[in-house]
Amino acid sequence: MNAIGPSLLRFSDLVGVGVFAVSGALAAGRKKLDLFGALVIAVVTAIGGGTLRDLLLGRLPVFWVRDAIYLPIILGATIFTVLYTRFRSPPVRMLLVADALGLSLFAISGAEIAQEVTRSAMVIILMGVISGVAGGVVRDVLCAEIPLILRSGRLYATAALGGTSVFYVVQGLGAPHRLAAGLGMLTVLTLRMASIFFGLTLPVYEVRHDRPEKSAGFEA
């Protein structure tokens, strides 16, 4: 039995897939892709992270093959997004907010799923991060964008790392598993929203090069 309960884990997974599908469809709309293109981007965004997680953990067949309900949810979320944006212009930050919600849900459910396979804290936390960020990376690459996790100083993978760490530590301290999961999701969402709306960033690492000097007839 899953630590936070099979029904809650499944609910988080289903909602996470739907929200990530919305973010994928919005990204496709910004790039003016056709309806098939929008569906492709929605699919890879929604299932990319969970698929990679399951492959790394050896959980085969992967989750969306084992349970076919995920694909209709992606299709429904995509159709809803396309119809909604036909009549109303979404807020500029709607894509980022939708992605943040998906990130918080998938990161914690991914960590919980990893607990079924291993007790390694590092693996559990890493699988949560991969579940949350991998789909968005594929989406951004296919849309010819710099992936969010690589954008200078932005809290994305760091937010997932912080949330999954909180989930694991709070659970290890003996707190109810649902409380640990809730606090983990809240941590991810808070950090990501702080980055989106208040510009919270990590320090940027930069190597400064000294000005090359001319000597002995050579120039660097």
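This briefing walks through the confidence, a surface patch and the salt bridges of the structure above. The model is predicted: local features need pLDDT of at least 70, side-chain atom pairs count only at pLDDT 80 or more, and totals for chains, interfaces and linings use all residues. Residues are numbered from 1 along each chain as its sequence is written, and side-chain values use heavy atoms, leaving out hydrogens and water.

**Confidence**
- The protein has a mean pLDDT (the predictor's confidence in each residue, from 0 to 100) of 88, and 92% of its residues reach 70 or more.
- Over residues 215-220, the pLDDT is below 50.
- Where pLDDT is low, the predicted coordinates should not be read in detail.

**Salt bridges**
- You will find seven salt bridges here, each a side-chain nitrogen of Lys or Arg within 4 Å of a carboxyl oxygen of Asp or Glu.
- One of them pairs Asp-99 with Arg-139 at 2.7 Å, N to O.
- Asp-99 sits in helix α5 (residues 94-114) and Arg-139 in helix α6, so this pair ties together parts that are 40 residues apart in sequence; helices are DSSP runs (H or I, at least four residues), numbered from the N terminus.
- Asp-99 and Arg-139 are both buried, meaning under 20% relative accessible area (1.4 Å probe, protein chains only).
- Arg-139 also meets Asp-140 in a salt bridge (3.0 Å, N to O), and both of these residues are buried.
- Between Arg-59 and Asp-54, the closest N and O atoms are 2.8 Å apart.
- Asp-54 is buried, with a relative accessible area of 0%, and Arg-59 is buried at 16%.

**Surface patch**
- Phe-36, Val-40, Val-138 and Leu-142 make a nonpolar surface patch of about 360 Å²; patch residues have over 30% relative accessible area and no salt bridge, with nonpolar side chains (Val, Leu, Ile, Met, Phe, Trp, Tyr) joined within 5 Å and like charges within 9 Å.
- Accessible areas come from the Shrake-Rupley method with a 1.4 Å probe, and for residues only the protein chains shown count as cover.
- Helices α2 (35-57) and α6 (121-142) each give two or more residues to this patch.

Conventions:
Contact = heavy atoms within 4.5 Å. Buried < 20%, exposed > 50% of the residue type's maximum accessible area, 1.4 Å probe, protein only.
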